[in-house]
Amino acid sequence: GESFEDFLRIWRRWDGQAYIEIATYGYDGKSLNDDRRTFNSRFPPLYSLLIRAAAVVSPFELWKTAIIVSILLLIAASYLLFRLVEYETLDRNPAWWAVIFLNTFPASYFANAVYAESLFLVLSFLYLGTVRRTGRLSREPLFLMLMLLTRQVAMAIMPFHMCRALRRAVALRSQPLHACWSIVLGALPLVVYASFILYTQQI
């Protein structure tokens, strides 16, 4: 009924409206005023692109599709967190508690809204899982790049990420090509994110 739909609309307010506008109009949406375009340019594109893609197969309005996407991503994030904690502790009990705390933390409601939080959690756990479990050189920069295209706060991980890339390069100093490739891959997320910033500044 209308009351339930009004309740759902709560989850598309504030930043959620920006994600919806980016998914609908892009960053240079002509139907938006200059102030709104400037405001939207602060939001990286990956979450908006994802809900836009999901809307192609969804029978619901874009903002309702976005809520469904966020909930599904939160489920995926819960699974990835469970696997990561289980790997670290070799015990399922703390893994279950980690998932419970993730979903009951006072601010966890943002993960159900038209916000990028749940996508950022999925990518963060994929990145951390790769660092801890596989150390795959190609996957780490990929996940960090996607994190940067989801939330700008991922920039805080760049110093740690570059330190790992430089350590690999030093370990591979007897193979100059591989050492250079390690540094290039390490810097790739920053290059991609800088390209996004330059693009939005030109609109």
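## Second largest pocket

In this predicted model, H7 gives the most to the lining of the second largest pocket, with 3 residues. Helices here are DSSP runs of H or I with at least four residues, numbered from the N terminus. A pocket is an open set of points on a 1 Å grid over the protein atoms alone, where a 1.4 Å probe fits, with protein on both sides within 12 Å along at least five of seven lines; lining residues have an atom within 4 Å of a point. The volume of the second largest pocket is about 160 Å³, a volume being the space filled by probe spheres set on the points, which are joined across faces, edges and corners.

The lining consists of Leu 74, Leu 102, Phe 105, Ala 107, Ser 108, Phe 110, Ala 111, Glu 117, Phe 120, Leu 121 and Arg 151. By class these are 8 nonpolar, 1 polar and 2 charged residues. Ala, Val, Leu, Ile, Met, Phe, Trp, Tyr, Cys and Pro count as nonpolar, Asp, Glu, Lys and Arg as charged, and the others, Gly among them, as polar.

## Ser 108

Ser 108, one of the lining residues of the second largest pocket, sits in the loop between helix H6 (92–104) and H7. Ser 108 counts as buried because its relative accessibility is 14%; buried means under 20% relative accessible area, exposed over 50% and partly exposed in between, with a 1.4 Å probe and protein chains only.

The side chain of Ser 108 reaches the backbone oxygen of Phe 105 at 2.7 Å, and a polar atom of that side chain lies 3.1 Å from the backbone oxygen of Asn 103. Leaving aside neighbours within four places in sequence, Ser 108 is in contact (heavy atoms within 4.5 Å) with Leu 102 and Asn 103.

## Largest pocket

The largest pocket has a volume of about 190 Å³. Of its 12 lining residues, Leu 80, Leu 126, Gly 129, Thr 130 and Arg 133 lie nearest the centre. Helix H5 (62–89), helix H7 (117–134) and helix H8 (139–148) each give two or more residues to this lining, and the largest share, 6 residues, comes from H7. The lining divides into 6 nonpolar, 3 polar and 3 charged residues.

H8 is mostly covered, with 7 of its 10 residues buried. Those residues are Glu 140, Pro 141, Phe 143, Leu 144, Met 145, Met 147 and Leu 148.

## Basis

Local features need pLDDT of at least 70 and side-chain atom pairs count only at pLDDT 80 or more, while totals for chains, interfaces and linings use all residues. Residues are numbered from 1 along each chain as its sequence is written, and side-chain values use heavy atoms, with hydrogens and water left out.

Notes
A polar contact is a pair of N or O atoms within 3.5 Å; within protein, one must be able to donate a hydrogen and the other to accept it, and residues adjacent in sequence count only if both atoms are side-chain atoms.
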